[in-house]
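Colleague: Let's go through this model together. I will ask, and you answer briefly.

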Amino acid sequence: MTVTRSTRLPLMAAKQILVLEDEKPIRDMIAFGLRRAGFDVREAEDARTARAALADKRPDLMLVDWMLPDMSGLEFTRQIKRDPNLRDLPLIMLTARAEETDKVAGLEGGADDYITKPFSPRELVARINAVLRRSDPQVEGEVLNFEGLQLDPVAHRVLAHEKPVTLGPTEYRMLEFFMTHPDRVYSREQLLDRIWGGNVYVEERTIDVHIRRLRKALEEFGYDRMVQTVRGAGYRFSTRVE
Ligand code: CA
């Protein structure tokens, strides 16, 4: 089997984020960070433009700045949450004000989360992913497929070119995590947190043992090369095999 860059298949369409923020430098910074993280980004500079963008195409999640020129972000959020077609749209509020009362007002207004400026792109991406995970449980039923490596989360089964691959429970969870988070580097600490859960005490080198087992199980099909070591950083499930 040969896997080349040109045959790379995306797992699913990139999630689309609509960014409603009137200050261009901040909007640019957010859009840049989100695009780098693999999101499809649309931008709006005021509430009116955002409503037009929503009417045009529903995004997967929306970021709403608290202070807007034509309406407060809080009022905008309330309007969205009153709209039967949009009330389940995940929404994160952005604000420069760290007061607890604002946070409460934002969440009571219907926001799913709240982030205070200044924030790092990494922090924003983490918040977005958390809200998307909470709001999009049906993703868990989808059969994942990369280049003939298939993982069926409902049947709890992995197939390589239609042939069953035998994996231990930890290797299965690891592969499931990798296939739902492809082409991104995760440190051992992050993998422990996401695969084992934050409350379990496991030594970081345990990760290496399970990575070795996972690679061994995938080896005969050539898929072991998708599980890549990134020196000094961690591991990555690559949809491109170089
Ligand atoms: Ca603003």
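Colleague: How many helices and strands are in the chain?
Modeller: This is a predicted model, where local features need pLDDT of at least 70, side-chain atom pairs count only at pLDDT 80 or more, and totals for chains, interfaces and linings use all residues. Residues are numbered from 1 along each chain as its sequence is written, and side-chain values use heavy atoms, with hydrogens and water left out. Helices (H or I, at least four residues) and strands (E, at least two) are DSSP runs, numbered from the N terminus. On that basis the chain has eight helices and twelve strands.

Colleague: What share of the residues in the chain is buried?
Modeller: Buried means under 20% relative accessible area, exposed over 50%, and partly exposed in between, with a 1.4 Å probe and protein chains only. The chain has 242 residues, and the buried ones make up 45%.

Colleague: What is the strand order in the open sheet of five strands?
Modeller: Two strands pair if DSSP finds at least two bridges between them. Here the pairing is parallel, and the order is E2-E1-E3-E4-E5. E2 (40–44) and E5 (113–116) each have a single partner strand, so one side of each has no neighbour in the sheet.

Colleague: Which residue in E4 stands opposite leucine 63?
Modeller: E3 (residues 61–65) and E4 (residues 91–95) pair in the parallel sense over four bridges. Opposite leucine 63 stands isoleucine 92.

Colleague: At what angle does H5 run to E5?
Modeller: Axes are lines fitted to C-alpha atoms, for helices over the stretch in contact, and angles run from 0 to 180 degrees between N-to-C directions. H5 (residues 121–135) lies across E1 (16–20), E3, E4 and E5. Its angle to E5 is about 175 degrees.

Colleague: Is histidine 156 buried or exposed?
Modeller: Histidine 156 sits in the hairpin of E7 and E8, which has four residues between the strands. Its phi is positive, about 60 degrees, although it is not a glycine. With a relative accessible area of 52%, histidine 156 is exposed.

Colleague: What is the relative accessibility of glutamate 162?
Modeller: Glutamate 162 lies in the loop between E8 and E9 (163–164). Its phi is near 75 degrees, positive in a residue other than glycine. Glutamate 162 counts as exposed, at 63%.

Colleague: How many bridges join E7 to E8?
Modeller: E7 also pairs with E6, antiparallel, through three bridges. On the E8 side, leucine 149 stands opposite alanine 160. E7 and E8 run antiparallel, and the bridges joining them number four.

Colleague: How do H6 and H7 stand to each other, and at what crossing angle?
Modeller: The axes of H6 (residues 169–180) and H7 (residues 188–196) come within 10 Å. Angles under 35 degrees count as roughly parallel, over 145 as roughly antiparallel, 65 to 115 as roughly perpendicular and the rest as oblique. H6 and H7 are therefore roughly perpendicular. The crossing angle is roughly 110 degrees.

Colleague: Which residues make the contact of H6 with H7?
Modeller: Contact means heavy atoms within 4.5 Å. H7 contributes Leu191, Arg194, Ile195 and Trp196. H6 contributes Thr170, Arg173, Met174, Phe177 and Phe178.

Colleague: Which strands stand at the edges of the open sheet of three strands?
Modeller: The order is E10-E12-E11, with antiparallel pairing. Two bridges join E10 to E12, and valine 185 stands opposite arginine 236 in E12. H8 packs on the sheet, touching E11 and E12. Each edge strand has a single partner strand, so one side is left without a neighbour in the sheet: these are E10 (185–186) and E11 (227–230).
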